[in-house]
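Please read the numbered points with the sequence and the model in view.

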Amino acid sequence: MNVRQDIVDMKSAIINNDILFNRILTNEIITNEMVEDGEQASQLYYNFTDMTQIIDKYNLMNLSFSEEANWLLQPAALFTNDLGQDDILPPTLHRMRMTFERLDINSYPVTAELKARIEEYRQLNHRWLNIVGDFESKEINENDWPQILNDLEQVTRAYFSEKKVNFVDDDFWRDALNPRYE
């Protein structure tokens, strides 16, 4: 039951992020008021938080299972991917979340720099959407979950590789600019 709920939560966050990114880029404003289509920054912030917590939970569970299975003659394959310093999905989500973390201004315009950043986020999120699918097109069962988590990590790595972005050193991804800090 918990795995099923995590699947739904992850899929919902990715779908909702896609809708929000498209709306922000179309309207060129981030609305954070309690109105229809509002509270965009807080929705994105909490979606990225939920996604990070889900990924972390399964990576830690994977680590526990791996340690418990070490006594076997042929240890079981890793549940998802191994928990390591080279995983880039959790820090990617954290950096994306930082862009929307301060929620003290009701609405603000999207600058050219922020627009470029959100477009990058939208492109990466769209790749994640291709993995999880929308609610009507693709049903995910519990057995698919480990592969989906691994696919999300791999597609994130592929995105940075294709864009020739050094995730650690690139200013764009290292520092999540928040226009409300200015």
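1. Basis of the note. The model is predicted, so that local features need pLDDT of at least 70 and side-chain atom pairs count only at pLDDT 80 or more, while totals for chains, interfaces and linings use all residues. Residues are numbered from 1 along each chain as its sequence is written, and side-chain values use heavy atoms, with hydrogens and water left out.

2. Overall composition. The protein chain contains six helices and two strands; helices (H or I, at least four residues) and strands (E, at least two) are DSSP runs numbered from the N terminus. Along the sequence these elements follow the pattern α-β-α-α-β-α-α-α.

3. Burial and surface. Of the 182 residues in the protein chain, 43% are buried. Buried means under 20% relative accessible area, exposed means over 50%, and partly exposed lies in between (1.4 Å probe, protein chains only). The protein chain exposes about 10100 Å², of which carbon and sulfur atoms supply 50%; accessible areas come from the Shrake-Rupley method with a 1.4 Å probe, and for residues only the protein chains shown count as cover.

4. Contacts along the chain. Among contacts in the protein chain with a separation of 6 or more, 77% join residues 24 or more positions apart. Contact here means heavy atoms within 4.5 Å.

5. Packing of α4 with α5. Helix α4 (residues 112-132) and helix α5 (residues 145-162) pack at an angle of about 145°, and their axes are 10 Å apart. Axes are lines fitted to C-alpha atoms, for helices over the stretch in contact, and angles run from 0 to 180 degrees between N-to-C directions. The residues of α4 in this contact include L124, W128 and I131, and those of α5 include L152, V155 and Y159. The residues of the contact divide into nine nonpolar, two polar and four charged. In this division Ala, Val, Leu, Ile, Met, Phe, Trp, Tyr, Cys and Pro count as nonpolar, Asp, Glu, Lys and Arg as charged, and the others, Gly among them, as polar.

6. Packing of α1 with α4. The axes of α1 and α4 cross at roughly 145° and come within 9 Å; this crossing is left-handed. Among the contact residues are I14, F21 and L25 of α1, together with I118, W128 and L129 of α4. Ten nonpolar, four polar and five charged residues make up the contact of α1 with α4.

7. The nonpolar core. The largest nonpolar core has 41 residues, and M10, I30, F100, W128 and L152 have the most contacts inside it. A nonpolar core is a set of buried Ala, Val, Leu, Ile, Met, Phe, Trp, Tyr and Cys residues joined through side-chain atoms within 4.5 Å. Two or more residues of this core come from each of α1 (2-27), α2 (40-68), α3 (89-99), α4 and α5, with α1 giving the most, at nine residues. Not counting residues up to four places away in sequence, M10 touches M51, I54, I55, W145, L149 and L152.

8. D6 lies in helix α1 and counts as buried because its relative accessibility is 8%. Leaving aside neighbours within four places in sequence, D6 is in contact with I54, K57, Y58 and W145. N59 is placed in helix α2 and is likewise buried, with a relative accessible area of 4%. The C-alpha atoms of N59 and P146 are separated by 9.9 Å, although the two residues are 87 residues apart along the chain.

9. Partly exposed residues. P91, in helix α3, has a relative accessible area of 28% and is therefore partly exposed. Its C-alpha atom is 8.5 Å from that of T52, a residue 39 residues apart along the chain. E28 is located in the loop between α1 and β1 (29-31); at 39% relative accessibility, E28 is partly exposed. Phi of E28 is near 55°, a positive value in a residue other than glycine. T111 belongs to the loop between β2 (107-109) and α4 and is partly exposed at 38% relative accessibility. T111 and E28 are 8.0 Å apart in space, C-alpha to C-alpha, and 83 residues apart in sequence.

Methods: Left-handed = near helix turned anticlockwise from the far one by under 90°.
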